[in-house]
Amino acid sequence: MTFLSGHTLVAQTLSENDRQGILRVFEDQEKAWNTGDIEKFMEGYWQSDSLTFIGSSGITYGWTNTLNNYQKRYPDKTAMGTLSFKILRLEKLDKKTAFLIGTFHLKRDIGDLSGHFTLVWKKIGGKWVIISDHTS
């Protein structure tokens, strides 16, 4: 995971501790994906029926449904490839909510994939989790 050089905006109101908490989740997600562990990757998401994921096939509600979609779309390491994130913008919206815009790239033997995403993060039980993901 990298910040896009020259284009990163980190809001001053986001504490270094909160910023590092979000970045740590991202790093863990990259590592989990790159070892083929979708369930571990999903630990970065809010384990709730209220989780929203918007992708090319529409909106999905709930952590379990989102996990199932990932498992269908990426059934093996060949389909998963190697994931990298770039963070373009990270802002704190309020005391327990943050907004992140970034890009992803999947390096794969069967053809690379890349796109943009917008994430809404919430600090729940002292841990930052993704509560809404819009990936295109």
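The following questions and answers go through a predicted model of one protein chain.

Trainee: How many helices and strands does the protein chain have, and in which order do the elements run from the N terminus?
Mentor: The model is predicted, and its elements can be followed along the chain. From the N terminus on, they run β-β-α-α-β-β-α-α-β-β-β-β. The totals for the protein chain are four helices and eight strands.

Trainee: Why is the protein chain said to be as compact as a globular protein of that length?
Mentor: The globule rule gives 14 Å for 136 residues. The radius of gyration of the protein chain is close to that value, so the chain is as compact as a globular protein of that length. Its C-alpha trace spans about 40 × 35 × 25 Å along the principal axes. The radius of gyration itself is 14 Å.

Trainee: What percentage of the residues in the protein chain is buried?
Mentor: A residue counts as buried when its relative accessible area is under 20%. The protein chain has 136 residues, and the buried share of them is 43%.

Trainee: Is Trp 121 buried or exposed?
Mentor: Trp 121 is found in strand 7. Apart from its neighbours within four places in sequence, Trp 121 has contacts that include Ile 22, Val 25, Phe 26, Leu 100 and Trp 128. Buried means under 20% relative accessible area. Trp 121 has a relative accessible area of 0%, so Trp 121 is buried.

Trainee: Which residue of strand 4 is the bridge partner of Ile 54?
Mentor: A hairpin of two residues joins strand 3 to strand 4. These two strands pair in the antiparallel sense over four bridges. Within strand 4, the partner of Ile 54 is Ile 59.

Trainee: Which residue in strand 8 stands opposite Ile 54?
Mentor: Strand 3 is also joined to strand 8, and here the two run parallel. Three bridges link them. The residue of strand 8 that stands opposite Ile 54 is His 134.

Trainee: What is the volume of the largest pocket, and which residues are the closest to its centre?
Mentor: Rolling a probe the size of a water molecule over the atoms shows where empty space is left. The largest pocket has a volume of about 560 Å³. Of the 28 residues that line the largest pocket, the closest to its centre are Phe 53, Tyr 70, Arg 73, Tyr 74 and Thr 135.

Trainee: How many charged residues are in the lining of the largest pocket?
Mentor: Several elements each supply at least two residues of this lining, among them helix 1 (16-34), helix 3 (63-73) and strand 5 (82-94). By class, the lining has 15 nonpolar and 11 polar residues. The number of charged residues is two.

Terms used
Residues are numbered from 1 along each chain as its sequence is written. This is a predicted model: local features need pLDDT of at least 70, side-chain atom pairs count only at pLDDT 80 or more; totals for chains, interfaces and linings use all residues. Side-chain values use heavy atoms; hydrogens and water are left out. On a 1 Å grid over the protein atoms alone, a cavity is a set of points where a 1.4 Å probe fits but cannot get out, and a pocket is an open set with protein on both sides within 12 Å along at least five of seven lines; lining residues have an atom within 4 Å of a point. Grid points are joined across faces, edges and corners, and a volume is the space filled by probe spheres set on the points. Ala, Val, Leu, Ile, Met, Phe, Trp, Tyr, Cys and Pro count as nonpolar, Asp, Glu, Lys and Arg as charged, and the others, Gly among them, as polar. The radius of gyration is taken over C-alpha atoms; the globule rule is 2.2 Å times the number of residues to the power 0.38. Buried means under 20% relative accessible area, exposed over 50%, partly exposed in between (1.4 Å probe, protein chains only). Two strands pair if DSSP finds at least two bridges between them. Contact means heavy atoms within 4.5 Å.
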